[in-house]
Amino acid sequence: MDAMKAILGRRSIRKFTGETIPDTDIKKLLEAAMAAPSACNQQPWHFVVAKDKKTHEKVMEIQPYTKMLEKASVAVFVCADPELQTCPGFWVQDITAATENLLLAVHAMGYGATWCGLYPNDDPVWKVKELLGLPKQVMPLNVIAIGVPDEEKPPSNRYNEDRVHYEKW
Ligand SMILES: Cc1cc2nc3c(=O)[nH]c(=O)nc-3n(C[C@H](O)[C@H](O)[C@H](O)COP(=O)(O)O)c2cc1C
């Protein structure tokens, strides 16, 4: 898929058929995520891939805006390990770039996904850390519900001239 088409056509998909996604495709999605830029190329990310519906159910209890996980094929927790940083302070930007890459790859490959935020809300972050057995310093920033889409959404058009400033504000 053309990059502009993928970027402009990506939407949050919250209805899934429940069909599974092959492991080979999940690997491709993670390759796309890890192709993201990061400060000093520090790549401070880890990804926890959870297909177990029991895990999905627990996440739905922890973070109520993740209900689309009910029929999702896989949940990918995008995590940061700040100890991997060589240019400290940029980890949130790094993980966010990886997350958007993942979402674009999902759309380009014909799947659907929704980004569900965890960080910086303490309660879901700590509960998800415990659920997944993450090391102490590792932070789950978000969980991406991914599946075979059971809904279609039109491309968004959010271009807003008022938010663009040339040379100075
Ligand atoms: C940091 C962040 C957290 C989000 N958390 C949730 C969430 O918990 N549940 C959800 O259904 N959507 C969540 N979203 C998706 C947004 O609601 C969605 O991206 C936005 O409404 C724009 O719609 P679109 O993705 O279809 O373009 C989140 C998006 C971001 C970037």
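Colleague: Before we start, what should I know about numbering and about which parts of the model count?
Modeller: Residues are numbered from 1 along each chain as its sequence is written. This is a predicted model, in which local features need pLDDT of at least 70 and side-chain atom pairs count only at pLDDT 80 or more, while totals for chains, interfaces and linings use all residues.

Colleague: Okay, in what order do the strands of the sheet run?
Modeller: The open sheet is formed by four strands in the order S1-S2-S4-S3, and the pairing is antiparallel. Strands here are DSSP runs of E with at least two residues, helices are runs of H or I with at least four residues, and both are numbered from the N terminus. Two strands pair if DSSP finds at least two bridges between them.

Colleague: And which strands stand at the edges?
Modeller: Those are strand S1 (45–50) and S3, and because each has a single partner strand, one side of each is left without a neighbour in the sheet. On average, and with direction ignored, neighbouring strands of this sheet are turned by 20 degrees against each other; the axes behind such angles are lines fitted to C-alpha atoms, for helices over the stretch in contact, and angles run from 0 to 180 degrees between N-to-C directions.

Colleague: Is S2 buried or exposed?
Modeller: Seven of the seven residues of S2 are buried, so this strand is largely enclosed by the rest of the structure. A residue is buried if 20 or more other C-beta atoms lie within 10 Å of its own, exposed if 12 or fewer, and partly exposed in between, with C-beta atoms placed from the backbone.

Colleague: Which S2 residues sit on which side?
Modeller: In a regular strand the side chains alternate between the two faces of the sheet. In S2, Val74, Val76, Val78 and Ala80 are on one side and Ala75, Phe77 and Cys79 on the other, and all of them are buried, so both faces are covered.

Colleague: Which residues have the most contacts inside the largest nonpolar core?
Modeller: They are Ala75, Val78, Leu102, Ile144, Ala145 and Ile146, in a core of 36 residues. Such a core is a set of buried Ala, Val, Leu, Ile, Met, Phe, Trp, Tyr and Cys residues joined through C-beta atoms within 7 Å. Two or more residues each come from helix H2 (23–34), strand S2 (74–80), helix H4 (91–108), strand S3 (112–117) and strand S4 (139–147), and H4 gives the most, with eight residues.

Colleague: What is isoleucine 146 in contact with?
Modeller: If its neighbours within four places in sequence are left aside, isoleucine 146 is in contact with Ile21, Ala72, Ser73, Val74, Val76, Val106, Tyr111 and Ala113, where contact asks for C-beta atoms, placed from the backbone, within 7 Å.

Colleague: Changing topic, which residues surround the ligand?
Modeller: Arg11, Ser12, Arg14, Tyr65, Thr114, Trp115, Cys116, Gly117 and Ser156 do, each with its C-beta atom, placed from the backbone, within 6 Å. This shell divides into three nonpolar, four polar and two charged residues; Ala, Val, Leu, Ile, Met, Phe, Trp, Tyr, Cys and Pro count as nonpolar, Asp, Glu, Lys and Arg as charged, and the others, Gly among them, as polar.

Colleague: Where is there a cis peptide bond?
Modeller: A cis peptide bond joins tyrosine 119 and proline 120, with omega about 10 degrees, and proline 120 is in the loop between S3 and helix H5 (122–132).

Colleague: And what about proline 124, is it buried or exposed?
Modeller: Proline 124 lies in H5 and counts as buried because it has 22 C-beta neighbours inside 10 Å. Apart from neighbours within four places in sequence, proline 124 is in contact with Ile62, Gln63 and Leu118.

Colleague: Last one: which phi value does cysteine 40 have?
Modeller: Cysteine 40 has a positive phi of about 55 degrees although it is not a glycine. Cysteine 40 is in the loop between H2 and S1, and it counts as exposed because it has 12 other C-beta atoms within 10 Å.

Definitions and conventions: Contact = placed C-beta atoms within 7 Å.
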